[in-house]
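Me: I am new to this structure and would like to learn how to read its features one at a time. Could we look at it together?

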Amino acid sequence: MFNALISIIVPVYNVENYLQECLDSLINQTYQNIEIIIVNDESPDKCLQIIEDYARKDNRIIYIDQKNTGLSGARNAGIKLSTGDFIMFVDSDDWINVDCLEQMSKYATNHDLVIASYYREFINNSQIRKLNCAGFYSSVFIQRRIVGLIGEELSDPSQADSLVTVWAKLYRSDIINRNSIQFISTKEIGTSEDLLFNLEYLEYCKTSFVIDGPLYHYRRYNLNSFTSTNKKNLFLDWKNLFNRIHNLIAHKKEDYHIAFNNRIALSIIGLGLNEMQNPKGYSDKVRNLKQILSDPLYDKAYKQLELNYFPVHWKLFFAFAKYKFVVGVYLMLLGINYFVNRNN
C-alpha cells in the first residue's frame with residue numbers, strides 16, 4: 001500500500017483573498033501523509049498572518065518568510081526544504097480536489113511522473129481542460145508533447161501548453177535532487193519556467209501516467225496575464241527561452257524539432273496578445289508584429305508549419321502569419337483578445 005510522504009510546495013505572494021481556500025484543500029486531503037511547505041515570498045498583504053494561523057493548527061505545515069525572489073525562487077526554496085519522497089506544486093491562488101493526492105498516488109509507485117487534468121476557473125464558470133491523452137506513456141512522448149504539437153495534434157492549438165504546468169503533477173524527489181533540477185527565473189525567459197523544469201525532469205524519467213480527469217482547480221481570474229499587462233521585453237525573453245529549449249533537445253529525433261518549430265510558430269498568439277496591451281497604439285503594434293514575423297527564428301518556423309491540420313479560423317490566422325499579412329494578424333488578434341477578456 002502506498003504511504004510515502006508527499007511534500008506539497010506552495011509559493012505565496014499577494015493572495016490573501018484566495019489563500020485560505022487553497023490551504024483548506026490541502027489540510028483536508030484524504031491522503032494524509034503529507035508535509036505542506038509554504039514559502040511566503042515577502043507578500044505585502046496579510047498572507048503571513050494567515051499562514052501562521054494555519055501552522056498553529058496543523059503540524060504538517062512548515063513555512064518560511066523570505067525576501068522576494070519571485071515564483072521560481074520561492075519554488076526552489078520549497079524544494080530545498082522538502083523531505084518527502086514525492087513533490088507536488090500548488091499555486092497559492094488555486095486549490096485541489098479533496099481526493100487529489102489519493103487519486104494521483106495510485107500511480108506514483110510505478111511511474112516517474114503522474115499528471116492530472118484540471119479545471120480552469122473563471123469568474124462565472126468552470127471549464128474542464130481535457131488533455132487528449134490518458135493512461136501510460138513513455139516519458140519521451142510526454143517530453144515531446146511539452147516541447148510542442150505535431151501532425152493532427154495541431155487541430156487543437158490550445159493544447160500547446162496543456163501539459164506544460166508543474167502543478168497538477170506528482171514528481172519523484174530523488175530525481176529532482178539527484179540531478180539538481182531547479183526553476184529558471186522568469187527575468188531571464190519571460191514566462192514558461194514550468195516548461196523548462198519539466199523538460200529537464202523528463203530527461204531522467206522512464207514512464208509517465210496521465211489522468212485525464214480534473215483534480216486541480218486553476219484560477220484564471222487572478223493573473224497578471226498577457227491580457228492585462230504589456231511585457232515590453234517578452235519577444236527577446238522568449239527568444240532566450242527558445243534557445244534554452246533548443247539546447248535541451250539538440251540531440252533529439254526529428255519530431256522534437258518539428259514540435260519545437262511549431263511551438264515558435266504558435267507563440268505568435270501569446271506575443272500578439274501581449275502586443276494588444278501596448279499603450280502606444282495601432283502603428284506601434286503593427287510595427288512590432290511585423291518585426292516578430294520577420295525575425296529569422298519565426299520565418300523558419302512558419303516555412304515548415306503545416307496549415308492543413310488547423311480548424312478554419314486558426315488556419316486563416318496562421319496563414320496570415322506565415323505570409324506576413326500583418327494587418328490580418330492584428331485584426332484577428334483583436335478578436336482573440338476580446339474573447340479572452342470576456343471569459344476572464
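Me: Which helix gives the largest share of the nonpolar patch?

Reply: Patches are made of residues with over 30% relative accessible area and no salt bridge, like charges being joined within 9 Å and nonpolar side chains (Val, Leu, Ile, Met, Phe, Trp, Tyr) within 5 Å. Here the largest share, three residues, comes from helix H15 (residues 326-343), where helices (H or I, at least four residues) and strands (E, at least two) are DSSP runs numbered from the N terminus. The patch on the surface is formed by Tyr282, Phe325, Val327, Leu331 and Leu334, with about 450 Å² of accessible area together, as given by the Shrake-Rupley method with a 1.4 Å probe, only the protein chains shown counting as cover for residues. Leucine 334 lies in helix H15 and is partly exposed, with a relative accessible area of 37%; buried means under 20%, exposed over 50%, and partly exposed in between (1.4 Å probe, protein chains only).

Me: What should I keep in mind about the model itself?

Reply: This is a predicted model, in which local features need pLDDT of at least 70 and side-chain atom pairs count only at pLDDT 80 or more, while totals for chains, interfaces and linings use all residues. Residues are numbered from 1 along each chain as its sequence is written, and side-chain values use heavy atoms, with hydrogens and water left out.

Me: How many salt bridges does a search of the whole structure find?

Reply: A salt bridge is a side-chain nitrogen of Lys or Arg within 4 Å of a carboxyl oxygen of Asp or Glu, and the search finds 18 of them. In one, aspartate 58 pairs with arginine 60, the closest N and O atoms being 2.9 Å apart, and both aspartate 58 and arginine 60 are buried. In another, arginine 244 pairs with glutamate 188 at 2.6 Å between the closest N and O atoms. That pair links distant parts of the chain, 56 residues apart, with arginine 244 in helix H9 (residues 234-249) and glutamate 188 in helix H7 (residues 186-189). Arginine 244 counts as partly exposed because its relative accessibility is 27%, and glutamate 188 counts as partly exposed at 37%.

Me: Where do aspartate 299 and lysine 303 lie?

Reply: They lie four residues apart in helix H13 (residues 296-304), so they are separated by about one helical turn. Aspartate 299 is partly exposed at 21% relative accessible area, whereas lysine 303 counts as exposed at 63%.

Me: At what angle do helix H11 and helix H12 pack?

Reply: Two packed helices are described by the angle between their axes and the distance between the axes. Axes are lines fitted to C-alpha atoms, for helices over the stretch in contact, and angles run from 0 to 180 degrees between N-to-C directions. Helix H11 (residues 268-276) and helix H12 (residues 282-294) pack at about 160°, with their axes 10 Å apart. H11 and H12 are therefore roughly antiparallel to each other, a term used for angles over 145 degrees.

Me: Where is asparagine 14 placed, and what is its phi near?

Reply: Most residues other than glycine have a negative phi. Asparagine 14 has a positive phi, near 60°, and its place is in the loop between strand E1 (6-12) and helix H1 (19-27). Serine 192, also not a glycine, has a positive phi of about 70°, and is placed in the loop between H7 and H8.

Technical notes. Angles under 35 degrees count as roughly parallel, over 145 as roughly antiparallel, 65 to 115 as roughly perpendicular and the rest as oblique.
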